[in-house]
Amino acid sequence: MTVRTRFAPSPTGLLHIGGARTALFNYLFARHHGGQFLLRIEDTDRARSTAAATQVILEGLAWLDLQPDEPAVYQSAREARHVEVAHALLDQGRAYRCYCTPEELTAMRETAIKEGRPPRYDGRWRDRDPAEAPAGVKPSIRLKVPRGGVTEVDDLVQGMVRVADAELDDMIILRSDNTPTYLHAVVVDDHDMAITHVIRGDDHLTNTFRQVQIYRAMGWDLPRFAHIPLIHGADGAKLSKRHGAVSVLEFEREGFLPEALCNYLLRLGWGHGDAEILSRDEAISLFDLDGVGRAASRMDYAKLTHLNGFWLRQADDARLARDVARRLADEPGLVLDETTEARIATLMPGLKERAKTLLELAASAAFLARRLPFAITDKAALQLTPEARAMLANLAPHLAATDFSAAAVDAALRAFAEATGRKLGQVAQPLRAALTGTTTSPPIDATLAALGREESLARIAAVTAATQDAA
RNA sequence: GUCCCGUUCGUCUAGAGGCCUAGGACACCAGCCUUUCACGUUGGUAACACGGGUUCGAAUCCCGUACGGGACGCCA
C-alpha cells in the first residue's frame with residue numbers, strides 16, 4: 001500500500017509556522033516511505049474562506065518547496081459527494097434529521113454549562129418520529145453515534161488513546177443549508193483521496209473520535225492517525241490567526257531562507273540523536289513518526305537565526321546576489337546597475353560569511369551600491385584621523401601600482417605596513433572606513449578587489465582630499 | 001465544568017531500567033584564532049516538576065499531586 005498523506009489547511013487566515021511544520025512532516029513522511037503528499041484546501045466555510053488566503057497558502061508552500069504531488073483538492077468542489085454520503089448514512093439509519101433551531105441548541109448548551117454538565121447535544125431528535133417535525137424548520141443531519149462503547153485510536157505519536165462514546169454527541173454532518181460540516185467533509189475526502197496517514201496538529205485529537213464514527217458507519221477502513229504537538233507562542237499558548245501567528249512569507253521578508261526555516265521546523269518537535277543540521281534529502285531519509293515528541297514546543301528565533309546563518313553560508317553566491325540586489329533596489333541613495341551587481345557577486349563569498357539573514361547580507365552589501373560622495377558613520381569617522389588620512393594618501397600609489405587582484409592588493413598592503421612600521425590593522429581599518437564608510441566589511445583585500453581600481457582609488461581620494469581642504 | 005494530552009538545562013532536544021558524574025544544539029560567559037566583523041575552535045554556567053510506589057537498581061515502569069496545553073460550534 002502506497003503511503004499517501006495530505007496537508008489540509010483552511011484558507012481563513014495565513015500559513016503560519018505551525019501549519020508549515022504540519023505540511024513539512026506530511027511531506028517528509030510521504031517521501032520517506034516513497035509515497036505521495038497531497039494538498040486539500042478546506043474551504044467549506046464560505047463565509048470566512050478567501051481566495052487571497054488560499055493564494056497565500058499556495059505561495060508559502062511553494063516558497064518552502066513543499067509542493068503537492070497532485071493538483072490541490074478544493075473541498076468546496078466536493079460538496080455533492082459529501083451530501084451523497086450524508087444521505088447514504090441517513091438511508092442506512094446511521095444518521096437522522098434534527099429539527100432543532102440554532103437558538104434551541106444555544107439554549108441547550110447554556111443550560112448544560114450552568115448545570116455543570118458537558119455542553120453537548122442531548123439527542124432529542126435521535127429517536128423521535130420525523131412526523132413530529134415542526135413546519136418551516138429546515139433540518140440538519142446528525143450522525144447516530146453508538147451509545148455505551150469505548151472508541152480507541154492507536155495514534156502513531158500519542159499512542160493508544162481511549163474515549164468513552166458517552167463523551168461524544170451526535171454531531172451534525174450536514175447543515176440545514178445542505179452544506180457539509182468539517183468533521184464530515186474531512187472523513188469523506190480523506191477516504192476518497194485514499195489517504196493512508198493523517199498527520200495533523202494535536203488540537204484535532206479529540207475530533208478524531210468523532211470522525212472514527214463516520215468511518216465506521218460507512219464501513220470504511222481507517223487511516224492511521226498521527227497527532228503532532230502544537231507550536232506555542234512565547235507565552236505558551238496556542239498559535240492562531242489572532243495570536244502570534246506570523247505568515248511564513250513574513251519570514252521571507254525578514255531574510256530567512258526556506259531551507260533554514262524547514263531545518264528549524266523539522267527540529268521543533270522532532271529529533272534524531274544529535275542531528276541538528278539537516279538538508280532536505282537527509283530529512284527525507286531520517287524522518288519518521290517515532291522521532292516526533294509529545295510535548296508542545298516554542299518558537300526560538302535565536303536558533304532559527306543561527307541555522308539561517310549556516311544555510312546562508314552554504315547558499316549559492318549568484319542566488320544570494322540576486323536576492324540582495326532585489327532588496328537593495330528599494331533603498332534610496334543606492335545605484336543598482338550592472339557594475340554594482342558585479343561587485344556584489346564578486347564580494348559575496350566574503351559577505352555571506354558575516355551575515356545571518358538576507359537582511360543583514362543586504363545591509364552589509366549596501367556600500368557597494370553607494371556612489372561618491374557618501375556618508376561615513378561616526379565610528380568609521382573616528383578611524384579617519386588626520387594622520388590616517390595622510391597615511392592613506394601615501395598608500396594610494398602603492399595600491400594603484402597593483403593589478404587590483406585580492407592577492408596583489410594584500411601583498412601591497414602588507415609591504416606598506418611593514419615599510420611604515422605599522423600593524424596591518426592600522427592600515428586596514430582607516431582604509432575600510434574610507435572604502436565602505438563603516439567599520440566592518442569582508443577582508444580588505446577582497447573589498448578592494450570587488451570595488452575595483454577606479455572606485456577604490458576614488459573613495460580613498462575623497463577622504464585624503466578632505467584632509468587637504470582642511471589643511 | 002467534562003474529556004483528552006503533556007512536563008529533561010532559559011529554548012529545541014538525546015535518553016526506550018544499569019552505558020547518565022544526564023549527551024548535543026541555540027543562547028549566555030571566558031579563552032584561542034584574526035585585517036574589522038563574523039566564521040571556526042577550546043572550556044564553562046545550566047535540567048530529569050513534586051510526592052509515593054515497583055525494582056538489587058528509575059530520567060526511563062505504575063499511582064497521585066501540581067502546573068501547562070488542547071477539545072467540547074449548523075468554525076476548520
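This briefing covers the RNA-facing surface and the nonpolar cores of the structure above. The model is predicted. RNA strand B has 65 residues around it. The largest nonpolar core has 48 residues, and another core, of 46 residues, lies apart from it.

**Surface near RNA strand B**
- Asp-45, Arg-175, Gly-269, Arg-354 and Ser-441 come nearest among the 65 residues around RNA strand B.
- Of the RNA strand B atoms within 4 Å of the protein, 67% belong to sugar and phosphate.
- By class, this surface has 26 charged, 20 polar and 19 nonpolar residues.

- Cys-100 places a backbone N or O atom 2.6 Å from a base nitrogen.
- Arg-298 has a backbone N or O atom 3.0 Å from a phosphate oxygen.
- For Ile-444, a backbone N or O atom lies 3.4 Å from a base oxygen.
- Elements giving two or more residues to the surface near RNA strand B include helix 4 (102–114), strand 12 (297–298), helix 10 (301–314) and helix 18 (444–470).

**Nonpolar cores**
- Leu-361, Leu-392, Leu-413 and Leu-431 have the most contacts inside the largest core.
- Helix 10, helix 11 (317–328), helix 12 (338–352), helix 13 (358–365), helix 15 (386–400), helix 16, helix 17 and helix 18 each give two or more residues to this core.
- Beyond its neighbours within four places in sequence, Leu-413 is in contact with Leu-395, Leu-399, Leu-424, Val-427, Leu-431, Ile-444 and Leu-448.

How values were computed: Residues numbered from 1 in each chain as written. Chains lettered and ligands numbered in written order. Predicted model: local features only at pLDDT ≥ 70, side-chain atom pairs only at ≥ 80, totals over all residues. Heavy atoms only, no water. Near = heavy atom within 4 Å. Polar contact = N/O pair within 3.5 Å; in protein donor to acceptor, adjacent residues only side chain to side chain. Helix = DSSP H or I, 4+ residues; strand = E, 2+ residues; numbered from the N terminus. Nonpolar A, V, L, I, M, F, W, Y, C, P; charged D, E, K, R; others polar. Core = buried A, V, L, I, M, F, W, Y, C linked by side-chain atoms within 4.5 Å. Buried < 20%, exposed > 50% of the residue type's maximum accessible area, 1.4 Å probe, protein only. Contact = heavy atoms within 4.5 Å.
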